Amino acid sequence: MQATEDAIRSVVQEVLSQLNNRGGYGSASPAAHQNGDWGVFNCVDQAVAAATEGQKQLLNASLEDRAKALEIVRQICDTQADELGRLELEETKIGRLDHKIEKLHLIKDIPGMEFMKTESVSGDNGVSLTEFAPFGVIGAITPVTHSLPTLACNFINMVASGNTLVVNPHPGGAKIACEGVRRFNKAIYQATGLQNLVTILENPTLETADEIFNHRGIPLLCVTGGPGVARAALGAKKRAIVAGPGNPPVVVDETADLDNAAKSIIIGAAYDNNLLCIGEKEVFAVESIFNELMSAMGRHGGYQLNSQQVAQLTALAFSPPKEPGGHAVLNRDLIGKDASVLAGMIGVSVPAGTELLYGETDTNNPFVPEEQMMPFVPFVRCRNADHGIELAKEFEHGFRHTSMIHSRNIEVITKMGRIMDTTLFVQNGPCGAALGNGGEGYASFSIATPTGEGVTNPLTFTRFRRSTTVGHLRII
């Protein structure tokens, strides 16, 4: 009898309950773990070998067991989000606890095997089937900004399509990533007997990342991170799916609902203290509504810095470029800090509950061109919507990642969409709406912009295979 989703969920809940009752999920001391313990390795070759064997098991297993593995990851992230989110914040020391927890809850909505549908064509010459086959073992690089959520999202997408993965996490989020892998693998083995569907490097370095990039046992890479790791992946001699940098701009024109615009900017830019690659990073607002928009920001949880305070924060956040014409140097100690912490560093006391700092700048302020990841957003006056779109295009830098507009003028919206050519384009909402959080569509923590795959899903990690039967099997 074919198992239903409810039956699979019931089995998973029983397994997780048994493991919890036996104390199977407590964070053990490092001394209690050994190399290869539930998928955590010290050596790339060993991690790849284990994932290779795990992929063979996965292909020989039933689709029901594959579905159980996905459901286990979803339920661990959902039911243990408070603990895992706290562990991630304690390790990385960036972002907000409530949003660390919320991101783990969102994993339950990551798409899985429902994407894996065979396509067929029949005609006078027979039947042709197109099926979506795995690559094998995928090498994954995950960021410090969303360490465990990105890993869990990649697991669901990749395992749904029959792959396994070897993860080189960002060193700043390696402990929580390894803890997640142990929990996933242990519960999956208990429920299905499958082992090492995901393996991970316990002590990740640039050298282990390079080994993964060049390993003969890894045919495909998926990299989520900053410009440096993105460039390295694009230079690898194999296919890479790369979620690269962004600097998402917002344009607000004179027709916008300003309260909705302000609320949306704060929801997006304040999320996890602006660690999201899709988060609103700079706003270009037309002159006629600029002051009114600034007031609306204050009504919805923002705190406006005056020009002197903006200058003080800018001096703390950036150092001058190391070479003429280069990028300003970001003070990484400020990344992901709370708005109140940033304000306190310049002697400003903000009201309780302040989520975002904002202030007026010109385009010369480094907060505009640089992808800073902290809860301060610069607002720049522009003459009109066309000028705002022109500036948005310039300061998005051609990453083609994400852009937002607040407007009721359909012609302006259409013009910006065509000019920006970004992977995600949101109108009249926060950035998260592009990933199903307040808008339609599905979520992912890897947005592949440089390589063009966009919002990743299980089909992203497949090879299209065609099987043709000539002259037979058409029964009509």
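## Basis of the description

UniProt positions are given in the numbering used here, with feature names shortened, and the annotations may be inferred rather than shown by experiment. This is a predicted model, in which local features need pLDDT of at least 70 and side-chain atom pairs count only at pLDDT 80 or more, while totals for chains, interfaces and linings use all residues. Residues are numbered from 1 along each chain as its sequence is written, and side-chain values use heavy atoms, with hydrogens and water left out.

## Annotated region and domains

An unreviewed UniProt entry lists residues 43-297 as "domain: Aldehyde dehydrogenase". Over residues 43-297 the chain is 50% helix and 19% strand, and the C-alpha atoms at the ends are 50 Å apart; helices (H or I, at least four residues) and strands (E, at least two) are DSSP runs, numbered from the N terminus.

The domain assignment, whose bounds come from an automatic or database source, divides the protein chain into domain 1 (40-244 + 457-466) and domain 2 (249-438). The C-alpha centres of domain 1 and domain 2 lie 32 Å apart, and their contact (heavy atoms within 4.5 Å) takes 12 residues from domain 1 and 14 residues from domain 2.

## The interface between the domains

About 1,000 Å² is buried between domain 1 and domain 2, with carbon and sulfur atoms giving 49% of this area; buried area is the accessible area (1.4 Å probe) that two parts lose on being put together, summed over both. G95, R96 and H99 supply 40% of the area that domain 1 buries against domain 2, more than any other three residues.

Across this interface there are 3 salt bridges, each defined as a side-chain nitrogen of Lys or Arg within 4 Å of a carboxyl oxygen of Asp or Glu.

## Salt bridges in the whole structure

The whole structure holds 19 salt bridges. In one of them, D37 pairs with R182, the closest N and O atoms being 4.0 Å apart. This pair links distant parts of the chain, 145 residues apart, since D37 lies in the loop between α1 (5-21) and β1 (40-41) and R182 in helix α7 (residues 174-192).
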